[in-house]
Amino acid sequence: MSERSSSRLQLHDLHLAQGRRTVLEHVDGDIKPGAITALIGANGAGKSTLIQAIMGELRPISGKVVCTVDKARRAWLPQQLALDLTFPMSVEELVMTGSWPSHGAMKGYCAAHYRKGREIMARLGISHLAHRPLGELSGGQRQRALIGRTLMQEAELLLLDEPFANVDSDTVDILIRILRQMADEGVTIIIVLHDMDHLRRLADEVLMLNGGHGRWVAPSALNHQHAPAQVVPFTLGGRHAGTA
Amino acid sequence: MLALLDAWFIAPFDYGFMRRAVVGGLALSLAAPPLGVFLVLRGMSLIGDAMAHAILPGVALGFLLAGFSLPVMSVGGVLFGVMVALLAGAVSKMGGQREDAAMASFFIISLAAGVMLISMGGSSVDLTHVLFGSILAINSTALLLIASISTLIVITLAIIFRALVVECLDPLFLRGQSSRSGWVHSVFLGLLVLNLTAGFQTLGTLMAVGLMMLPATAARFWSKRLEGLIGIAVVLAMLASTGGLLLSFHLDTPSGPSIILLAGVAYLLSALFGRYHSLAAKLRRKTTPLALEQSH
């Protein structure tokens, strides 16, 4: 019960649709703060749709998302980035835009902000790229810079949609370490994953989406499997709540 | 030599109309290029053109009601520009059509309606005046209006600068940060309309957009930084407006087209010889040695 009350993100009997097509029904659960929750499922299972609903970008047909995290402290790195890579901006400037929640839209940055920005870039191993334009970054470097922005933002809820797609293994290692540190600091993290190795290394909780329904499973139960799509051959029905 | 310089660059400003014209041109050159830079960065370069047409019926109605009165025509222009922007936004939301498609439809209707209105109430001279402007004919009231609008634009841009940058770069992030993020786009379109109404007296509705876009597109060949783009675009616009006026004075050419053509020359030269992405830059392409890059 104490777990339920400390949760800052709860899903209550969610029914989600894209246009007229129902994507998910009866999805329930408490997302634990300080834990990394993996969302798994085959393509089209509704992972991105659920994330959209959590971020308030998609209104549920019924049910509700209860999120007590301040809007400015929620960060979302979608699969299809809206980021304009031709925009004349450097990595450091991108990271600094994350100071919006604490700093507002008008005030200039002070030395302490720049110091914090530099510390974050050092943590992510991108200090040497500080002045490089966004358009000249590799996929992994870009992903690190975006995580840098969420660190600057002091995000309390972080949603990542397949953050390790097209990313080199060094970046994966760094990002996994940083995400674990963020979770240890109390950040609620939801991450869409496809790779079993990443799942094993990161996930504390797993919400599996299949056949329009969600089911909480223990990460250990997935360990002997090779791919998430293969562990959901059964059809899920009814309401599944709580953690495994 | 000094006499020649004086005759070319100083003497023309003995005339009051030239002094007013150059001040008007410089005021516009401060406000228009930053808007153009953001339009280019947002991939909305043609929206400026569309809005320039959109204000025409309002300007024409003002002209019919009060004759050639800049304040009345400006108010009409602003009202019509904002209305067309809102309508285009509403149609695109309603039908799932992209905003630029709706805007393109409305601007051509506006152009036809504007030309029709002016022809009904005035002569072809009036039409030419509205379409192509007459910077040499601005009086003190017009100058005050242009300077006030330009000041307002620069101050507002400074206030919304960071929001505008974030909106251009990553609209999703801005939406996440503020539930009122939609206002950034609306304020920006409002500034665009204001700038075009300030510009139509000097350069005409059709060419006012030139001082906004050409310096901005030319600056892309010289800088990769936002501050650089804005600074270079403003300087180019100032040079073009002052140089164009002087050319028009000495060579007896129409002032509006002289200014815009000079900005056009700056664009072409930038495309040929600019620092980035120009023809010359492609020919002299050099790479940074890896060791140097890592030590940076």
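**Figure 1. Helix α3(B) and its buried residues in the predicted model.** In this predicted model, the buried residues of α3(B) are Ile47(B), Gly48(B), Ala50(B), Met51(B), Ala52(B), His53(B) and Ala54(B). The helix is accordingly described as mostly covered, with seven of its ten residues buried. Its partner in this view is helix α6 (residues 99-121) of chain B, and the axes of α3 (residues 45-54) and α6 come within 8 Å of each other while crossing at roughly 35°. The crossing in which α3(B) passes α6(B) is left-handed. On the α3(B) side the contact is made by Leu46(B), Ile47(B), Ala50(B), His53(B) and Ala54(B), which meet Asp100(B), Met103(B), Ala104(B), Phe106(B), Phe107(B), Ser110(B) and Leu111(B) in α6(B). Divided by class, the residues of this contact comprise nine nonpolar, two polar and one charged. Ile47(B), Ala50(B), His53(B) and Ala54(B) are listed both among the residues of α3(B) that meet α6(B) and among the buried residues of α3(B).

**Figure 2. Helix α4(B) and the glycine that follows.** Helix α4 (residues 56-66) of chain B is largely enclosed by the rest of the structure, because eight of its eleven residues are buried. These buried residues are Leu56(B), Pro57(B), Gly58(B), Val59(B), Ala60(B), Leu61(B), Gly62(B) and Phe63(B). After α4(B) comes Gly67(B), which has a positive phi near 70°.

**Figure 3. Packing of helix α11(B) against helix α12(B).** Helix α11 (residues 208-219) of chain B packs against α12(B) at an angle of about 130°, and the two axes lie 8 Å apart. An angle of this value makes α11(B) oblique to α12(B). The crossing of α11(B) past α12(B) is right-handed. From α11(B), the residues Leu211(B), Pro215(B), Ala216(B), Ala218(B) and Ala219(B) meet a set in α12(B) that consists of Leu229(B), Ile232(B), Ala233(B), Leu236(B), Ala237(B), Ala240(B) and Ser241(B). The classes represented in this contact are eleven nonpolar residues, one polar residue and no charged residues.

**Figure 4. Asp252(B) in the loop between α12(B) and α13(B).** Asp252(B) is found in the loop that joins α12 to α13 (255-273) of chain B. Although Asp252(B) is not a glycine, its phi is positive, at about 60°. Asp252(B) counts as exposed, because 7 C-beta neighbours lie inside 10 Å and a residue with 12 or fewer falls in that class.

**Figure 5. The side of chain B that touches chain A.** The contact between the two chains takes 19 residues from chain B and 18 residues from chain A. On the chain B side, the elements that give two or more residues are α8 (140-169), α9 (171-177) and α12 (226-251). Of the elements on this side, α8(B) gives the most, with six residues. By class, the side of chain B that touches chain A is made up of ten nonpolar, five polar and four charged residues.

**Figure 6. Leu134(A) and the residues around it.** Leu134(A) lies in the loop between α5 (111-123) and α6 (139-152) of chain A. With 22 C-beta neighbours inside 10 Å, Leu134(A) counts as buried. When residues up to four places away in sequence are left out, Leu134(A) touches Leu85(A), Phe87(A), Met89(A), Val91(A), Leu94(A) and Arg142(A). One of these, Leu94(A), is 40 residues from Leu134(A) along the chain, and their C-alpha atoms are separated by 8.3 Å.

**Figure 7. Glu162(A) in the loop between β6 and α7 of chain A.** Glu162(A) has its place in the loop between β6 (157-161) and α7 (169-184) of chain A. Its phi is near 45°, a positive value in a residue other than glycine.

**Figure 8. Chain B as the setting for the views of its helices.** Chain B has 15 helices and zero strands, and its C-alpha trace spans about 70 × 65 × 30 Å along the principal axes. The radius of gyration of chain B is 20 Å, which agrees with the value near 19 Å that a compact globule of 296 residues would have. Buried residues account for 46% of the 296 residues in chain B. Among the contacts in chain B with a separation of 6 or more, 72% are between residues 24 or more positions apart.

Methods. Residues numbered from 1 in each chain as written. Chains lettered and ligands numbered in written order. Predicted model: local features only at pLDDT ≥ 70, side-chain atom pairs only at ≥ 80, totals over all residues. Helix = DSSP H or I, 4+ residues; strand = E, 2+ residues; numbered from the N terminus. Rg over C-alpha atoms; globule rule 2.2 N^0.38 Å. Buried ≥ 20, exposed ≤ 12 C-beta atoms within 10 Å, placed from the backbone. Contact = placed C-beta atoms within 7 Å. Nonpolar A, V, L, I, M, F, W, Y, C, P; charged D, E, K, R; others polar. Axes fitted to C-alpha atoms, helices over the stretch in contact; angles between N-to-C directions. Parallel < 35°, antiparallel > 145°, perpendicular 65-115°, else oblique. Left-handed = near helix turned anticlockwise from the far one by under 90°.
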